[in-house]
Amino acid sequence: MPDDVEEFRDREYPQLKGKTYMDHGGTTLYAKSLVEEFSADLISNLYGNPHSASTPSALAGHRVDTIRDRALRFFNADPEHFDLVFVANATAAIKLVIDCFRDHAAASNTPVWYGYHKDAHTSLVGVRESTKMHRCFATDEEVDIWINSGGLGGPRARQLGLFAYPGQSNMTGRRLPMNWCGRIRKSMHKAATYTLLDAAALASTAPLDLSDPATAPDFTALSFYKIFGFPNIGALIVRKDSAHVLDSRKYFGGGTVDMIIAVNDTWHAKKETSLHDRLEDGTLPFHSIFALDHAMNVHERLYGPNPMKFISHHTAQLGKQLYDSLSNLKHSNGMPLCRIYKDDSAIYGDPSVQGATVAFNAQHANGNLIPYEDVEEAADDQGIFVRSGSLCNPGGMATYLNWSPAEMKAAYAAGHRCSNPTQIMLGKPTGVVRVSLGAMSVASDVHTLIRFLDDAYCNGANQVRLSRSLLPLSQSAPLSPPASPGPNSTLSPLNIPHALHVPSLHNSNGPTPDTAGSNKIPEDGVWEATALPQQQLPPTIEPERAKNPPFNPQDYINMRKPWEEEMRKQHPQSYQVGMEIKVRETEDASMFSRNPTPSVKARKFGRSVVNLLRTKSHFADSRVPPMPMSPSPLPPEPPRNASHSQRSRKSIEKQQFQNNVDALGL
């Protein structure tokens, strides 16, 4: 089956010549014949605004309705049970749903409860700001428990519930259960709870089956450019039994009303013909909708009468080969090159639970992370196009990269932004490299990426194995465990010395002659991860490292002050935010301190010292020299009587102690 794609790829996708495109999660590519047929259609036909009554306008309006029905049937959705509303993209569809929910809740005086899965896209997470009652489900098990309990921890009686989740994680490619929608509809009896499915990532390489209205989502959001590459429009598919929730929307635009009074009254009458007539504001992008018709024609001609089924099988095989190859990439010392992020239940090659998307971070031979943007830029220089960053998936990033809320706030205060990231903070990556495959991807794309990673970061350490393992899809290697090579790996275990073994820093066997004559151990005894030689490395005695000097707080303060001053100048707003966070943390710590009145004791101690100094009449006469930063021997005193000398010495000791305290900033 993959050979069929290679037959027409050069002809239908000439923009890929000499390039390797692996960001189909962002958008897939359009076929040449799609552009040609769409262009010929516009050149040979005259289309007008569908809101007009002329012949060109009537032709355009009739064709829009025909394409609407065809788009529904593309997802096995019966037009008798479903309606399709054209929107700009999946995010616009999600926003339309929550706007209607908010107006419906206000009209019926019913509060809205919102629940979302942690793998949700940012557009789904943002819905929570429209209501005070919301909940994030951290695992699939939480969702199952919530459903089986009949909604415990969800909306209460006389509340309106909405549960949203993605069909596929846009970060890891994991596919979530599609049976949640039907189960929620059956088990939620306390309050009406509706489901919103974000199918933008799922529908790009998998068939979206809405043939059963009883188990289908109430609302499905998707983008057509992720499926066909063009046109740039989206859709909201609405289950008609749930459409009444969307009818309370207050806003109305052009073409959505039958009558409106603007002068001396505020009355209007909405259209009653269909739901999409009431929700599609203004003139539709009808030329783009015509392109959608050609896109479905081309898809069926290239990928068969059931194109999404073929694409799902094709990308699942490629995804399995991609995952296995990345998992088995190793440095010469046996350290895996890639840290792959995946769910434990996800199995590459099984399209029911996993899509053709892999998220990973690269690392050096010593385990240090390689910045993800550096990997993307290096790949881009070689004509390989992937995506890096946080991918608009905050829940997935926090889960797989192990970021706590406090750490994320601290990162923001330090200047990290999604659009201008600090790639590594606190020893953790703030994003990933994502490779996503599409309908027109082929095995050579996977080979090109793997060889690039091996040459760029492993110095060709996997060349021999890659020549054997990069086989046709039908002969690909078995599945590997998550994020690490499996037991079938041909490399020796790390504890067995081999030709490329890196000697330990403290070798007790003594030095051996250098057989190569040119490979020398660096003076600091540490090999750079990108400079490991391909010859046998001679063992050597590592010179003893100098011990670290003792920690001096003043040295730390002196080093930090110039850096803080520079940060204040470059990021004044971020610095102010950081100071506010520090103040809040200090206030919170003081609220829960075991000793709630340290400042009172300090003031009492200060007053006692002042009173003590005032009572010493000799203190004003004695000239105490300024004390140095570090403790020093007491200065010599003139001979005095015993009692007077003893009191003076105590005064000088107290002053010296106070000077030391002031110098340390305590």
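Which residues in α15 are buried?

Mentor: Happy to. A word on the ground rules: this is a predicted model, where local features need pLDDT of at least 70, side-chain atom pairs count only at pLDDT 80 or more, and totals for chains, interfaces and linings use all residues. Residues are numbered from 1 along each chain as its sequence is written, and side-chain values use heavy atoms, with hydrogens and water left out.

In α15, the buried residues are Ala443, Asp445, Val446, His447, Leu449, Ile450, Phe452, Leu453, Asp454 and Tyr457. Buried means under 20% relative accessible area, exposed means over 50%, and partly exposed lies in between, with a 1.4 Å probe and protein chains only. Helices (H or I, at least four residues) and strands (E, at least two) are DSSP runs numbered from the N terminus. Helix α15 covers residues 443-457, 15 residues in total, and reaches 22 Å from its first C-alpha to its last, close to the 21 Å expected at 1.5 Å a residue. That expected span is 1.5 Å times one less than the number of residues. After α15 comes asparagine 459, with a positive phi near 55°.

Helix α3 can be read in a similar way. For the 20 residues of α3 (residues 55-74), 1.5 Å a residue gives a span of 28 Å, and the end C-alpha atoms are 28 Å apart, which agrees. Its buried residues include Ala60, Val64, Ile67, Ala71 and Phe74. Following α3 is asparagine 76, again with a positive phi, near 60°.

Leaving aside neighbours within four places in sequence, leucine 292 is in contact (heavy atoms within 4.5 Å) with Ile67, Ala71, Phe86, Phe224, Phe228, Pro231 and Ile233. Leu292 also belongs to the largest nonpolar core, which has 65 residues; Tyr13, Phe75, Phe86, Phe224, Leu292 and Tyr303 touch the most other members. Helix α10 (residues 286-303) gives this core its largest share, 10 residues. Such a core is a set of buried Ala, Val, Leu, Ile, Met, Phe, Trp, Tyr and Cys residues joined through side-chain atoms within 4.5 Å. A second, separate core holds 33 residues, among them Val87, Leu124, Leu162 and Val238.

A cis peptide bond joins phenylalanine 230 to proline 231, with omega at about 10°. Proline 231 sits in the loop between α8 (225-228) and β8 (234-239).

Back to asparagines with positive phi. Asparagine 109, in the loop between α4 (90-108) and β3 (112-117), has a phi of about 55° although it is not a glycine. At 68% relative accessibility, asparagine 109 counts as exposed. Asparagine 402 lies in the loop between α13 (394-400) and α14 (405-413), and its phi is near 65°. With 54% relative accessibility, asparagine 402 counts as exposed.

Buried residues make up 45% of its 666 residues. Among contacts between residues at least 6 apart in sequence, 71% join residues at least 24 apart.
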